[in-house]
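Student: I have a structure open and want to go through it piece by piece. Can we start with the loops and then move on to helices, cores and sheets?

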Amino acid sequence: MKLNLYTLLLIFLPAFCMAQHTSEFKIRVDIEETKIDVQQNLIYFNSSKDTLYTIVINDWNHSFSSKNTHLADRFSDEFIRSFHLAKDEDRGFTEIKNIIDYNFQTLNWKRNESQIDIIEIELETPILPNSSQKLNLLYSIKLPNDKFSRYGFNNDGKLYFKNCLLFPAIYENGKFIKQSNVNLDDLFNAPTSIKAVVDIPLNYSLASNLNSLDESNTDKFTTYNLFGNHKKDLVLIITSKKEFTIYKNEFVEVSSSINKTRLNDIQKTLIIDKITRFIHEKIGPTNSSKILVSQEDYNKQPFYGLSQLPAFLSPFSDETLFELMFLKTYINAYLDENLNLNHRKENWIYDGIQMFIMMQYIEENNPDLKMMGSLSRFKLLKSYNLINLDFNQQYNYLYMLMARKNLDQPLTEKKDRLIKFNEQISSKYKAGLSFKYLDSYLENDIVLNSLKEFVALNKEVQTNKYDLEYILNQNSPKKIDWFFESLINSRELVDYTFGKVSKTDEKLTVNIINKTKTNVPISLYQLKNDSIVNKVWLDDIKTDSTFVFDRHGADKIVLNYLNEVPEYNLRNNWKSLKGFFYNNRPIKFNFYKDLEEPYYNQLFYVPEFEFNIYDGLAFGMRLNNKSMLNKPFTFSVAPFYSPKTGSLVGKFNGVVEQNIRDEGKLYRIRYILSGSQFHYAENAAYTNLSPTVQLLFRDKNFRENKNEFVQLKQLYINREKTDFLLDNNTENYNVFDFKYGNYQSEITKHYSLTTNVQVANSFGKISTEIHYRKLFDNNRRLSLRFYVGTFLYRSTTSEFFSFGLDRPTDYMFEHSYLGRSESTGIFSQEYVYAEGGFKSKLDSRYANKWLTTFNASFNLWNWVQVYGDVGLLKNNFAPTKFVYDSGIHLNLVPDYFELFLPVYSSNGYELDSNNYGEKVRFIVTLTPKTLVSLFTRRWF
């Protein structure tokens, strides 16, 4: 029998490790005031080697008290407006009335200046190592509205009480761990023995993560006596009607409110029993005899894509839907109860175990389940890879979604530094895939048994990632340093492909190319008539390597055939042994979009339309190869037919993307060739062609909404002549455009700087635009913009290349005007926020020397704003002119539909005009991409 370090720990340390803090609570709940009064007796046990003169308490409820907390900053940089705009009664806070010690001495305490949800208590009597001290705390808690974090109160009289009480912070390596609430549900309290007496109003029900001893009634309250050991939080859910049902077997008691299905209690009981037995078998008995599984906890961390559709549209049966919802939430609750890890630093372990066990559950209990459920039965959808994909295969695609965008992050990145999509989806899936990969490589349930051993260790000692690494290394018959170095601790990519392959009837000589130089094992499968005839794992492929195998009658060899390895590119993983041309992928046409399918060249077709007043409503079809994952090369061709002109118009673009994986700020280079042909005036078309290079930069902290870019563009324009416009020979021209941009954006503030240098035969010009926006604590929003532009040289007499005060001529064809050449009529009132940025049409609308303007707006109420613009413009042979305007801005749908109502300007009182309707300016956008960007910025 092998006696290792952890066997010794389990023998000698329990006596020391079982010592923990103790808290006794007396809690009274006021439903109407959404307030809770608490009297708490805390026995703080110092298990460290240090003498403690202060102790630190987590008070995460107080993070809701201000718009200037770390929590508020988190909401802001994810573009979530509700917290900043909330009423005072919707905010939470903690009012501490008194803290006294065992000598009845009132203790001084303070909130950390930079973290007001962290309390530091100064002790009159220091706590010596391996001794304890009793404190009494008296405080009231005002719960926040649950619309912020799903915890708190709602308008139905429900209180979800979580992460609210005062618990000691972890003391580790000579200091307290001070982590503020940032809505990640990763509270890191020291394990505590809890007793609680809870009074709630009559006719209300209580659910808790603690066991209930008994309950009794008085005239106004029901009193519950609760207890729990080794708890990191006390959770109370108070409802006006009973929502939770108790399910119990010989392993665990589950209190569940998962309810978004039409199953009866018997069906739910059978599913819950199956899942709890499965978890018990796979990763061991739970440290807690009771586990709370709430609908709110599922909603907090849902299975994305599973339950976003209403019930009548769901592709999953009620049984499957409930099973998956409960499975995910139960495993999460189980791990919270049984692992003593710092969520913020080592969350990948929670995520990895959760996703790995979910994959195993699906493999064993529902192996035929598809990613899109029953939709795979419809013949009309059979051609889509998205529809046919096995349920467990979705994890690799959703991880790869971020890797292809070059936005993936190391699994060991702190949780509060992960961008939202990684924190909630991509990194979770990569962690599970990594365990699955290691399990496939080692076989014999070595990974599963190691995880089981690790969970058991957590019942005795405080653990970290090094404990898990030690257990896996001890149990592995192979060297697995690559697992931690390349998969866990870095963002290295895995991508293998075939080089030269030689074959005889008996032998295969295969060259394997390591495209990313990431040295991890890769599986090679030999297939005959699409059946596996042999599988081997290839190790230590640091550079291109050659291997010799028995052929086994194979007619095809495939790397990573069953997708065990989270590989960057699956399109280069197979080689036919039948002939030279056999590897050519056939073309596959699909409507709209699909997941990338390795064995086909996919082409997508989408009916589209374009509208401007010269082409009318032009209909066409866009062909492209843009799947749901980014590709190194994408193209789009969109020809349209214009019935109004009886001609073909359209646009195209091709993009080559080069992701830079180094640690520097430059993370992507894009090479673009685009062009279009439409009409810019009646019976006059333009054709443009623009090769472009973009260099994109970002902060090393991906969560910082800071970006920079450098763009080099050469524009070629050919415009047909027209008698409707007098442009003085501006039909054909070329412009070289250099642009630099630097911007930082979140909900409470926005800053951007853009500098443009343009060089052409007949002119050269330079301009700079600075934009600043601030949302104040009183919910007033101020927007400021400064623009300055000047000609470096100019030989043309046309105003076409001049700076526009209220409407740029758009000679670069960057804006989607509905009527770009109109000077009268409704389409001449279309507004584009560029160059001068004025809203009123003044006598001097262009500047052929230089222009500088200052634009400001301030909101009066919701989407009603006032604006004001001032500027100076200079034209040749004319004095410098001062101009101004002001009015009302109705920001009805930002960037989609906005109205500008002039009031006073250099023209005088605009309201006095008989033709005032002609002075109103508007923004109308018909581009869905603009609307999509308003949602995706919350995730990326």
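Student: Does N130 count as buried or exposed, and at what relative accessibility?

Tutor: This is a predicted model, to begin with. N130 has a relative accessibility of 52%, and since the cut-off for exposed is over 50%, N130 counts as exposed.

Student: Where is the place of N130?

Tutor: N130 sits in the loop that runs between β6 (115-127) and β7 (131-142). Its phi is positive, near 55 degrees, and N130 is not a glycine.

Student: What about N529, which loop is that in?

Tutor: The one between β23 (522-528) and β24 (531-538). Phi of N529 is near 55 degrees, again a positive value in a residue other than glycine. With a relative accessible area of 59%, N529 is exposed.

Student: And D90, buried or exposed?

Tutor: D90 has a relative accessible area of 12%, which is under the 20% limit, so D90 is buried. Its loop lies between α3 and β4 (93-101).

Student: Which residues is D90 in contact with, leaving aside neighbours within four places in sequence?

Tutor: P144, N145, K147, F148 and F153. F153 also turns up in a core of 45 residues, but cores can wait a moment.

Student: OK, helices. How many of the eight residues of α3 are buried?

Tutor: Six, so helix α3 (residues 70-77) is largely enclosed by the rest of the structure. The buried ones are L71, A72, R74, F75, S76 and D77.

Student: What covers them?

Tutor: The cover of those buried residues includes α10 (420-442). After α3 comes F79, which has a positive phi near 60 degrees.

Student: At what angle do α12 and α13 pack?

Tutor: About 140 degrees, and the axes of α12 (residues 465-475) and α13 (residues 481-488) are 10 Å apart. Roughly antiparallel would need an angle over 145 degrees, so the two helices are oblique to each other.

Student: Which residues make that contact?

Tutor: From α12, E469, L472 and N473; from α13, D481, F483 and F484. By type, the contact has three nonpolar residues, one polar and two charged.

Student: Switching to cores. Which residues touch the most other members in the largest nonpolar core?

Tutor: Y330 and F483, in a core of 106 residues. F483 is also one of the α13 residues in the contact with α12.

Student: And what does Y330 touch?

Tutor: Not counting residues up to four places away in sequence, Y330 touches V252, V254, I275, T276, I279, I291 and V293. There is also a second, separate core of 45 residues, with L42, I96, F153 and L210 among them.

Student: Last topic, sheets. What is the strand order in the open sheet of three strands?

Tutor: The order is β21-β22-β25, with antiparallel pairing. Ignoring direction, neighbouring strands are turned by 25 degrees against each other on average.

Student: How many bridges pair β22 with β25?

Tutor: Six, in the antiparallel sense, with β22 covering residues 507-514.

Student: Which residue in β25 is the bridge partner of L508?

Tutor: F549.

Definitions and conventions
Residues numbered from 1 in each chain as written. Predicted model: local features only at pLDDT ≥ 70, side-chain atom pairs only at ≥ 80, totals over all residues. Heavy atoms only, no water. Axes fitted to C-alpha atoms, helices over the stretch in contact; angles between N-to-C directions. Helix = DSSP H or I, 4+ residues; strand = E, 2+ residues; numbered from the N terminus. Parallel < 35°, antiparallel > 145°, perpendicular 65-115°, else oblique. Contact = heavy atoms within 4.5 Å. Nonpolar A, V, L, I, M, F, W, Y, C, P; charged D, E, K, R; others polar. Buried < 20%, exposed > 50% of the residue type's maximum accessible area, 1.4 Å probe, protein only. Core = buried A, V, L, I, M, F, W, Y, C linked by side-chain atoms within 4.5 Å. Pairing = 2+ DSSP bridges.
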